[in-house]
Each structure stands twice: as C-alpha cells, then as structure tokens.
Amino acid sequence: MSKAHKRESSIVSDYTQLLTADTAAHHASHEAVPQPLFRRRWLTVSLLVGINLLNYLDRYTISGILPDLKDKGTSGLDHNVSDSQGGLLMTVFVASYMIFSPIFGYLGDRYNRKALIAVGIVFWSISTLSGSFARKYIHLLVARGFVGIGEASYATIAPTIIADLYTTETRTVMLSVFYLAIPVGAAMGFMIGAEVADLLGSWRWALRISPPLGVVLAFMLLVLTQEPPRGASDGRGHYEVKNKRNGFGAFIQDVNELCKIPSFIWSTLGFTAVTFTSGALAQWAPTYVYRQAQAQGINLSSANAALAFGAVTCVTGILGTLSGSLISKRLMPRIGAIDSYICGLGLLISVTFMGIAIPAAGYNLPVFWTAVVLGEIALCLNWAPSAAITLYVNVPQRRSSAEAFNILITHLFGDAFSPYLVGVVSDTLRDKHNIEEASSLMLALCIAIFVALLGGACYLRSAKFVLEDKARASMYEPVTDYSVINDPANHEYLVED
C-alpha cells in the first residue's frame, strides 16, 4: 500500500470516531446489502448527457458564425461587429450564467432538481430562438444573456444527480461520460453553426437548431425519469441530507463552509484557468486560423476553419476526457491525490504545446494543428477529475451549492472575461499599434498560455489537501448503505457500480 493511500486510510480512521453510535450500528447492519441494479439509471444518465451535448452546441454556435456577423451588410444587424463586440457575445452569456448559478445551486440543494433543470432548458431554448430574430446587435446580446440564465439551472444541478447515481469508485468514469458532451457539443456548435449558416445563407438558421430539441429533452426528463434521493450513493436518503436551512443567511453559511475546504478552493482556481484558456480558444481559434490562412494566401473559408477546429475539439476532447478518467481510476488506489496531479500536469503539458501552436500558425499550419491536437488532449485531461474533486470533498447537502460556487468563480475570472479581453487586446494592438489582424490576435491569445501556467500550479497545490478534505466529507457515511435506495414501491432509480 502506498504512503498516500495509508495516509488516506488513517485520515478516515481518525474521523470515524466522530460518528454517533447509532450511525456506526446502522453501517454494521447494512454492510452486506447487495448493490441494486436499476435500468432507469442509464436512461437518466443518457438524457443528462444529451442535454449537456445540446447545452454546449448552443453555447458555441455563436463562435461558428462569428465571421458572418462582422459585416452589417451580410449579417442584417444595425452595425459591423468588432472583435471586442464579438467577444462580448460570449462574455455576456457567461456573466449571466455565473450570476444565476448560485441561485440555482441554492435551489438545487432544497427543491426538485429535475423540475429545475426542465424549466431552465425551456427558458434557454426560447431565448436562443428569440436571438435568431434580432435586428440590432444589442438585441442579440440580451438574448445571449438570457440563454446563460437557462443554462445555469442545468450546469449546477446535473452533476449532483450523477453523484447520487454512482459511488466514488465509478463516479469519475461516469462524470467523464457526462463531460464528453462538452468537447463534442462545442465541436458540433462550431461545425453546425458555420455549415448551417453557409448552407441556408444566414447565421440566423444556425440558432434555430437547438430550441426544438431542448424542449423535447426537457419533456422526456420530466416524464421518463425519477429524481434520485440526495446522498443515496453515500448511504443516505433524501430526507437525511436535503438541505433544510433556508434564507440568505443559510446561503452565506453554505459559502462559508465551502471556503473552509482548501482543496476545493485550489482546484476551483485551477479550473478557472481551464475555463479562461478554453473560453478564449473556443471563441477565437476559428477566427485566428481563418486570418492566418488569409495572410498566407491559403484558400480557407471561415466555415471550413470552424469545421476543422470543431473536428479537432471533438476528437481531442473525447481522448483527453476519457484518458483523464481512466488514469484516475487506475492510479487512485495507489496515489490518493491523483486527480489533482492529473489536472495540474495536464495543464502544464497543454501550456507547452499551446506555446508552440499559437505562433506556429503564422508560418506553418500543419505544425499548428499538430501542436493544437496534443495541447487540447492535455487540456481535456482535467474535466472529469476536477469535477470529481468538487463532489467528493463536499458533503451531499452542499454539492449543488459547491457546483454553483465553482461555476461562479471559474466563469467570473475565466471565460466570462477571456473572450472579451482577447478581443479588446487584439483591437488595441491593431488600431493603436498598427499590427495587422492576424498578428494582433496571435499576441492577444498568448494571454491564455500564461493563465494556464498559473492554473497548473493551483492544481498541484490542491494535492496537499485533497486527501484530508475527502476523508472529512465522507466521515458522515463512510460505508454506503444501499438499503436507503431500495424503494418499497419498486421504483427503479438509483445506484449501481
């Protein structure tokens, strides 16, 4: 047994004495309860993955159609859209997304999570559709802000449902399946947005793909699934771990408790760097490739640039996300803090390849694409392990709030800021320093490399605390009691490993 694993076992042992006598007896009487097999678990996860796929398709459709918005003559908007205004479309979305996430996190710890998700999906679908009819830039901007409100409901709550479906032994793997929808959905957003706009002659049709699908998925979630009891995979029923405290004071108390968990804080800062970097690249990489190709006299349309970057994002996202979860599962028994190490080292490796890719695009696009592939695989290693850290260092009754806090911080200082910052820096370098468009955007994107470097250091710092925080969060129920989820009415909803 490794030193790290011995230390984790020791920490759990230290906290076991804090359990009440009734709880200890409860564990002893249920240790031999077999794990139930429930088919509806797969249906629930499949729908959540489908909704997450649609979530990111909708989010990044704007990136695929951004070049079509530049000229008011072709866009039908009231003025030409500058780089900074293009970046602002993503920034205002993320701003509303992060502002409303704590609200839905609070609600998700207290009320029906399935209903909250469904309402949010319908709201974002209506908002996306309304944006396709915008005749002024400000109207499109407002519509994207409303989309962020709807998506906040889903992003804060869905991972907690998966956490209640699976125990820690397989939770990271299942979260990786859930988070595969991020690169695949983002890639589909790039590709479908650009291709639909090109095929039908207007960017507006690209925004009309996801709304009807969203309404259908919301209906299926409401009708075909059952919400799992909170904390079921940790041995507790809904009535035991539902957060019963209400009001603003209860919200502040939840935040104070979250801030006492150092591994959660450091991993949140690390993931902030991930969202900063990925947000900047997602918004500007297709445009950057297009401009560099034009500067070199290469015949590459904006639609094909978005298509190529979308394909790369899809493939590298799948490889990186699956690799991160599989490495975590294999090494976790020997290296207790492996999730923090995967995230930290993945970011540092990504920094190396992105540092090669961004300047290489100016003189050799094959080198650029090669380095981007390797850099994005490394960047995506952290999706599932980072999400797992957020869940297992927090007790079940605060997991939605933890997700919300994570979303607020990572987007406030991450992708709510980076697309607009890159656009402003690019415009400034071009307008005030007479640097041509492709080069000004290249220099602006280098900001993301530096931030990713800081993020890697934050994740490595979290490794020092993660074992103790994980043990402290599990001290309430160190042994899973599956009897709390064997529903007497024979409803099929919960845990299987």
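This is a predicted model: local features need pLDDT of at least 70, side-chain atom pairs count only at pLDDT 80 or more; totals for chains, interfaces and linings use all residues.
Colleague: How many helices and how many strands make up the secondary structure of the protein?

Modeller: Residues are numbered from 1 along each chain as its sequence is written, and side-chain values use heavy atoms, with hydrogens and water left out. Helices (H or I, at least four residues) and strands (E, at least two) are DSSP runs numbered from the N terminus. On that basis the protein comes to 21 helices and 0 strands.

Colleague: What is the average pLDDT of the protein?

Modeller: A score of at least 70 is reached by 83% of the residues. The average for the protein is a pLDDT of 79.

Colleague: Which helix has the lowest confidence?

Modeller: The highest mean, 94, belongs to helix α15 (residues 338–360). At the other end is a mean of 41, over residues 21–30. That is helix α2.

Colleague: Among contacts between residues at least 6 apart in sequence, what share joins residues at least 24 apart?

Modeller: G344 and A452 illustrate separation along the chain: they are 108 residues apart in sequence, with C-alpha atoms 9.6 Å apart in space. For the protein, the share of such contacts joining residues at least 24 apart is 85%.

Colleague: What percentage of the 497 residues is buried?

Modeller: Buried means under 20% relative accessible area, exposed over 50%, and partly exposed in between (1.4 Å probe, protein chains only). Areas come from the Shrake-Rupley method with a 1.4 Å probe, and for residues only the protein chains shown count as cover. The protein exposes about 19200 Å², of which carbon and sulfur atoms supply 66%. The buried share of the residues is 58%.

Colleague: Why is helix α17 described as largely enclosed by the rest of the structure?

Modeller: The helix covers residues 383–392. Its buried residues include W383, P385, T390 and Y392. Helix α17 is largely enclosed because the number of its 10 residues that are buried is 10.

Colleague: What is the volume of the largest cavity?

Modeller: On a 1 Å grid over the protein atoms alone, a cavity is a set of points where a 1.4 Å probe fits but cannot get out, and lining residues have an atom within 4 Å of a point. Points are joined across faces, edges and corners, and a volume is the space filled by probe spheres set on them. The rule gives 5 cavities of 30 Å³ or more. The largest holds about 510 Å³.

Colleague: Which helix supplies the largest share of the lining of the largest cavity?

Modeller: The lining has 35 residues, and those closest to the centre are Y56, I182, F271, S278 and W383. By class, 21 are nonpolar (Ala, Val, Leu, Ile, Met, Phe, Trp, Tyr, Cys and Pro), 10 polar and 4 charged, where Asp, Glu, Lys and Arg count as charged and the others, Gly among them, as polar. The largest share, 6 residues, comes from residues 399–415, helix α18.

Colleague: Which residues does G344 touch, not counting those up to four places away in sequence?

Modeller: G344 is found in helix α15. With a relative accessible area of 0%, G344 is buried. The residues it touches are G456, Y459 and L460.

Colleague: With which residues is S210 in contact, leaving aside neighbours within four places in sequence?

Modeller: S210 belongs to helix α10 (residues 210–224) and is buried at 3% relative accessible area. Its C-alpha is 8.4 Å from that of L129, 81 residues away in sequence. The contacts of S210 are L54, L57, D58 and T128.

Definitions and conventions:
On a 1 Å grid over the protein atoms alone, a cavity is a set of points where a 1.4 Å probe fits but cannot get out, and a pocket is an open set with protein on both sides within 12 Å along at least five of seven lines; lining residues have an atom within 4 Å of a point. Contact means heavy atoms within 4.5 Å. pLDDT is the predictor's confidence in each residue, from 0 to 100.
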